[in-house]
Every structure is written in structure tokens, then in C-alpha cells.
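Trainee: I should like to work through this structure residue by residue. May we begin once it is on display?

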Number of protein chains: 2
Amino acid sequence: ADLNVFSPPQQMERVLFPPLSRVAVCGGTHGNEMSGVYMLRELKKQSAGQAGSASLMTVLSNPRAVESCRRYVDKDLNRCFTSHLLRAPLTDDAPYEQKRAHELNAHLGPKGSDEAVDLLIDLHNTTSNMGLCLIFYSSDWIALHILKYIQSKMTSAPVRAIFVDLPASEAYSLESVGKHGFAIEVGPQPNGVLRADIYNLMKEALDLTFEFVQEFNAGHTFEGGQVEAYMMEDPVDYPRDPTTGEITASVHSQLQDKDFKLLKPGDPIFKKFSGETVTYEGEELYSFFINECAYYEKKIAFLLGEKVRLDLPPISVNND
Amino acid sequence: ADLNVFSPPQQMERVLFPPLSRVAVCGGTHGNEMSGVYMLRELKKQSAGQAGSASLMTVLSNPRAVESCRRYVDKDLNRCFTSHLLRAPLTDDAPYEQKRAHELNAHLGPKGSDEAVDLLIDLHNTTSNMGLCLIFYSSDWIALHILKYIQSKMTSAPVRAIFVDLPASEAYSLESVGKHGFAIEVGPQPNGVLRADIYNLMKEALDLTFEFVQEFNAGHTFEGGQVEAYMMEDPVDYPRDPTTGEITASVHSQLQDKDFKLLKPGDPIFKKFSGETVTYEGEELYSFFINECAYYEKKIAFLLGEKVRLDLPPISVNND
């Protein structure tokens with residue numbers, strides 16, 4: 001199931017990027033994912049608006065959802081950032097999150113423009129046992145180099161990456177508003193709960209990101225190489241009663257908590273309440289976001305993906 | 001920290017009880033605790049209103065909260081069953097849960113009356129790592145014998161009990177409406193998520209309860225003996241900013257997930273976001289409901305309790 005999506009020459013030319021002058025860290029995009037909510041409070045107290053040589057903006061993305069400790073008020077904010085939705089005129093009775101997406105886009109973007117922040121990091125939690133995971137769109141070499149940097153420095157846990165293969169205009173989540181960006185997804189943590197272990201993983205990843213920004217802006221050349229990522233493909237729904245639509249099975253104990261394990265035909269994936277085991281019958285793929293709370297309503301029991309290797313060119317700053 | 005709260009003679013006289021003819025199983029009392037919600041659906045499909053020789057009522061306690069997958073709509077339903085609240089006249093603008101408590105009391109009670117169901121079991125989940133736990137009020141010998149029965153039959157996990165020392169009139173939770181009753185509390189499970197392992201623990205405890213009811217009604221004498229329980233005492237709040245009231249620490253990694261371990265002076269209990277560790281300075285007690293999601297708003301980081309031994313007389317049915 002391994003695949004090179006890019007097959008560039010082994011020796012890639014160094015690519016130059018403008019400095020990462022303006023960095024934004026967002027949290028509470030989902031109001032019940034607590035690591036980001038608490039992280040932002042601490043960042044505000046401690047950072048004084050700076051992350052090394054970069055200016056740092058800290059943004060509580062969905063304050064109304066945070067206030068009531070829910071994922072969202074009217075609709076999932078983190079699906080509101082496609083170019084289409086950001087361009088659509090707002091009516092008075094538009095969902096709160098759609099209005100908020102426009103505000104955030106004005107504040108941190110506009111998406112795709114020169115005025116957008118250079119790097120946007122959005123902080124998330126999952127109830128799935130995914131550890132520390134970076135989620136990004138397309139081959140954003142800055143984001144991929146940050147992934148590689150974190151992987152090389154972090155010893156306390158594996159650092160995995162999920163790659164969502166969508167063009168920027170269709171990218172629906174907040175980090176797509178920045179010139180570069182990614183989500184930091186850490187779990188397992190119940191919604192509404194703050195766990196020290198999960199918080200510490202997120203903090204370590206964020207501190208390393210700031211360290212990268214500092215070194216990058218100071219002129220350090222980051223060598224090319226390869227990183228591995230899981231390319232998001234098909235979702236798998238729970239078995240349901242065809243008449244009522246009700247879920248008729250739980251994720252099988254042998255799959256629960258086994259995120260990023262290779263799923264093979266014949267592996268148990270669901271246990272029906274009536275007793276039978278449902279086995280996997282597709283091609284060999286990796287599963288993740290297994291039994292994520294917020295995906296029940298999206299009809300997703302887990303996601304499937306292929307492992308891919310991405311080639312990176314060397315990069316450094318262009319201060320001209 | 002061990003204590004006998006009761007010191008009865010070693011040989012206790014057999015106590016006779018009327019048959020357990022009417023059993024009620026309730027779930028969704030908290031609308032985001034999913035094991036009970038799913039358990040009820042399956043019970044309805046499979047039981048046909050009978051649990052052996054007893055009639056079985058299945059009740060979705062808070063359908064509006066279940067519908068929106070929240071703990072409650074207006075206020076915590078499971079704090080609405082004191083005699084005082086059940087007697088207070090309802091106004092039109094009373095909170096939804098207060099109205100619902102009156103309905104449930106009419107349907108399953110009235111609390112303290114001859115018409116009340118003989119046994120009321122309420123199904124709950126916690127985000128704390130408490131495994132399978134029975135929660136009960138006062139020295140309800142039927143409930144305690146069921147605890148002893150489940151402990152003697154269940155090998156897959158320890159079965160613990162929490163004892164809430166309140167008179168029946170002040171007992172605030174749903175199970176207090178039955179002549180006998182207890183809550184089955186199973187965790188860790190995130191709100192809004194169904195885990196197979198947690199569901200199975202609850203199902204096993206419920207099946208054993210039905211088995212007990214069957215044997216009890218058939219005339220079996222259950223021998224006396226002792227059971228252990230944790231007597232709920234003081235709650236401990238999170239460290240907070242004295243000005244804003246905001247939480248300034250997470251539960252320490254060394255306490256997280258260690259429910260029912262003896263807490264000793266000097267043990268780390270919180271890790272402040274600023275870095276310092278907060279240690280425990282009270283007397284030796286057991287901690288549980290550690291980092292339970294719903295208790296953030298109740299200003300409870302964990303509960304403390306003493307371990308007690310309760311003496312049980314032999315019991316059997318009185319069919320006269």
C-alpha cells in the first residue's frame with residue numbers, strides 16, 4: 001500500500017521562501033477540544049505577541065462554541081473555509097460559524113492573498129488514539145519541513161502526518177487561510193476534558209514549530225529528504241439499521257485504539273450489538289480517526305488512507 | 001483509612017424482602033453517556049418487557065438531551081430527585097429537566113411510595129478511568145447483595161462501589177426513586193462515544209443483575225458477608241486564578257487514570273501551566289472521578305473517599 005505520489009529527481013534544487021514574519025496560532029475552532037483552548041490562554045500570557053523573530057497572533061476561533069463547550073453552535077466552523085463559502089455573501093440569518101469564518105478570513109487572510117498570515121497553526125483534539133498528528137493540504141514545503149523538523153526532534157511520541165489531497169480553493173479548514181499552515185491533532189482526549197499528557201504533546205510540537213520559524217528566519221538551510229504521510233481516502237460508516245438509520249454495531253475492540261495500523265482483509269472492524277463480528281473486506285489500507293466522537297454525525301466510523309512518501313527539496317529564507 | 005461504618009454482630013439474622021417484581025433500567029439520564037443509550041435500544045428489542053420473572057421497564061430518561069447529545073438541556077437531571085424538588089410545584093417556565101424529573105417520578109415512583117418500582121438501575125458513563133463501579137445510597141441490602149453477586153461472578157474487571165451517605169429524601173439521583181436502586185457507572189469513555197469494551201462491562205453487570213433478580217425471586221437465600229465500598233467525602237477543585245476563576249493547572253499525569261488508588265500526602269495531584277507541581281496535603285484517602293468531564297462546571301477535579309466495609313445479613317424473598 002506504499003506509494004510515491006511525487007517522483008522528483010533525487011537531488012532537488014533549493015527553494016527559497018520569504019520570511020515567516022507573521023504566525024497565527026488558533027484554538028477552540030472546535031469549542032470542546034480543550035488543549036487548544038488552554039494553550040491559547042497560556043500563549044497569550046507568555047508570548048507578548050512574539051514567537052522569536054515572528055509576530056504571533058493568538059486567536060480563539062469559535063468563542064461562542066468554547067463558551068458552551070460544544071464543537072460548534074450552528075455548523076462545523078472547520079468546514080467553512082472553502083473559497084466558495086468565503087466568497088458567498090453573508091445574509092443576516094447565516095449560521096454563526098459562517099459569519100465567524102468571514103471574520104477570521106478578514107483577520108488572518110484573506111485566503112490566497114498576499115495579506116494572509118505566513119503560517120497558520122490550528123490546534124485540535126480527537127477522541128481517537130492518534131497521538132500527535134499533523135494534518136496538511138497539498139505539498140506545502142514549509143509545512144512538510146516543519147513536520148520533518150518536529151519528527152527529528154521529538155522523542156516522547158511518534159509524529160504522524162495526514163495529507164488531505166484537495167486544491168487550496170476546496171480546502172475547507174481554517175489552516176488553509178494562511179500562506180502555509182497545518183493542524184496539530186492530538187488524542188485520545190475526551191471532548192470537554194484537558195489531559196496533561198495530551199497538552200504536553202501539543203505544547204512540544206508548538207514549541208518546536210516556533211523553533212523552526214526562528215531558525216528559518218535566521219537563514220538556516222533545511223536539507224531536503226523524505227517524509228511519510230497518510231493520504232486521506234475513503235471514510236467507513238458504522239453498520240446501520242436500513243429502516244431507522246440507527247447504528248447497530250460498535251467499533252470492534254480489536255480495531256479500537258489501533259489508529260495507523262495496517263488494516264487487512266478479514267480483520268474485525270465492528271461488533272454488532274446482536275453479537276456478530278463484521279470484518280474488513282477492502283484493500284490493505286491504514287485506518288485512523290477510529291471512533292472519533294464528532295464523526296458519528298458525519299457517518300464516519302473511521303477513515304482509510306494510504307501511506308505515501310513525499311520528497312522535499314532543501315529550503316531556506318529569501319530575505320531580499 | 002479503613003473503617004467499619006457498621007459494626008453489626010457477626011451472625012446477622014436473615015432479612016426477608018418482597019419479590020423484585022418490577023425492574024426499571026434507565027439510560028440517557030445524561031444525554032451524552034452513550035453506553036446506556038445504546039443498551040436501552042438493545043434491551044427494548046430483546047427483552048419483550050421481561051427480565052426473567054420480573055417485568056422490565058426501559059426508560060430513556062432525558063430524550064431531549066440524548067437528541068442533542070448533551071449532558072442536559074437546562075440543568076443536570078440527575079440532581080433533580082430530592083424529595084424537596086419532587087414535591088415543589090412546577091411552573092410553566094421550570095427547567096426542562098425539572099419537569100422531566102416529575103414525569104419520571106410519576107412513572108417509576110413516586111419516590112418513597114408503595115407504587116415505586118422494586119429495583120431501579122440507572123446507566124452512566126464517566127471519562128474517568130473507573131472501570132465498572134456501582135453507586136448507591138445508604139445500606140440498601142438488596143443493592144449491596146447485587147454488588148456482592150456481581151463481584152463474585154465477574155472476572156473480566158474489578159467491580160467497585162461508591163457509597164453516598166445521604167438519607168433517601170436528600171438523595172438527588174434517579175435511582176433513588178426506586179424501592180431499591182443503584183447506578184452502574186463505567187469508564188473511561190468520552191462523552192458522545194461508544195466503546196465496545198465499556199459497553200461490554202456494562203452489559204455483563206446488567207445481565208448479572210437480572211440473574212440475581214431471577215434467583216432471588218425463585219427463593220434462593222443469599223448468604224451474608226462483607227462488601228467494600230468507597231464512601232464519598234470531599235471534592236477537590238482545580239487550582240484557579242483568584243481573579244478570573246480560570247483553571248490554572250491540569251490533573252497531574254501521575255494522578256490521571258489512577259482512580260481508586262490511595263492518595264498520600266506529598267503525591268503530585270496537579271501540574272500548573274506555569275510549570276509547578278501541586279502536591280496533596282490532606283489525610284490518606286482514595287481518589288476517584290479523576291478529571292471527569294462533567295465535573296469541571298461543578299468545580300470538582302476529583303473526589304475523595306474512605307474505604308469502608310459493610311456487613312450484610314443473609315437475605316431471601318418473602319412470597320407471602
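Trainee: Is His30(A) buried or exposed, and what is its relative accessible area?
Mentor: The model is a predicted one, and the values are computed from it. His30(A) is placed in the loop between strand S3 (22-27) and helix H1 (34-47) of chain A. The cut-off for a buried residue is under 20% relative accessible area. His30(A) therefore counts as buried, with a relative accessible area of 3%.

Trainee: Which residues is His30(A) in contact with, leaving aside its neighbours within four places in sequence?
Mentor: A contact requires heavy atoms within 4.5 Å. With neighbours within four places in sequence left aside, the residues in contact with His30(A) are Arg70(A), Arg71(A), Asp76(A), Asn78(A) and His124(A).

Trainee: Which residues does UniProt list for "binding site" in chain A, and what is the largest C-alpha distance among them?
Mentor: The UniProt record, an unreviewed entry, gives His30(A), Glu33(A) and His124(A) under "binding site". These residues are spread over 95 residues of sequence, yet they cluster in space. The largest C-alpha distance is 7.4 Å.

Trainee: Where is Glu33(A) found, and is Glu33(A) buried or exposed?
Mentor: Glu33(A) belongs to the loop between S3 and H1 of chain A. Its relative accessibility is 2%. Since buried means under 20%, Glu33(A) counts as buried.

Trainee: With which side chain does the side chain of Glu33(A) make a polar contact?
Mentor: Not counting residues up to four places away in sequence, Glu33(A) touches Arg71(A), His124(A), Asn125(A) and Asn191(A). A polar contact needs a pair of N or O atoms within 3.5 Å. At 3.3 Å, the partner of the Glu33(A) side chain is the side chain of Arg71(A).

Trainee: At which residue does UniProt place the feature "active site", and what is the relative accessibility of that residue?
Mentor: The unreviewed UniProt entry assigns "active site" to Glu185(A). This residue is found in strand S9 (residues 180-187) of chain A. Glu185(A) counts as buried, its relative accessibility being 7%.

Trainee: What percentage of residues 226-307 of chain A is strand?
Mentor: In the unreviewed UniProt entry, these residues carry the annotation "domain: AstE/AspA barrel-sandwich hybrid". Over residues 226-307 of chain A, the end C-alpha atoms are 13 Å apart. The chain there is 0% helix, and its strand content is 43%.

Trainee: Which strands stand at the edges of the open sheet of three strands in chain A?
Mentor: The order of this sheet is S11-S13-S14 (chain A), and the pairing is antiparallel. Each edge strand has a single partner strand, so one side of each is left without a neighbour in the sheet. The edge strands are strand S11 (249-251) and strand S14 (277-279) of chain A.

Trainee: Which residue does Lys271(A) stand opposite in S14(A)?
Mentor: Strand S13 (residues 268-272) of chain A and S14(A) run antiparallel and are joined by three bridges. In S14(A), the residue opposite Lys271(A) is Thr277(A).

Trainee: How far apart are the end C-alpha atoms of helix H4 of chain B?
Mentor: Helix H4 (residues 96-108) of chain B has 13 residues, which at 1.5 Å a residue should span 18 Å. The distance in the model agrees, because the end C-alpha atoms are 18 Å apart.

Trainee: Is His102(B) buried or exposed?
Mentor: His102(B) lies in helix H4 of chain B. Leaving aside neighbours within four places in sequence, His102(B) is in contact with Leu85(B), Leu86(B), Ala88(B) and Leu90(B). Its relative accessibility is 19%, and the cut-off is under 20%, so His102(B) counts as buried.

Methods. Residues are numbered from 1 along each chain as its sequence is written. Chains are lettered from A and ligands numbered from 1 in the order in which they are written. This is a predicted model: local features need pLDDT of at least 70, side-chain atom pairs count only at pLDDT 80 or more; totals for chains, interfaces and linings use all residues. Side-chain values use heavy atoms; hydrogens and water are left out. UniProt positions are given in the numbering used here, feature names are shortened, and annotations may be inferred rather than shown by experiment. Helices (H or I, at least four residues) and strands (E, at least two) are DSSP runs, numbered from the N terminus. Buried means under 20% relative accessible area, exposed over 50%, partly exposed in between (1.4 Å probe, protein chains only). A polar contact is a pair of N or O atoms within 3.5 Å; within protein, one must be able to donate a hydrogen and the other to accept it, and residues adjacent in sequence count only if both atoms are side-chain atoms. The expected span of a helix is 1.5 Å times one less than its number of residues. Two strands pair if DSSP finds at least two bridges between them.
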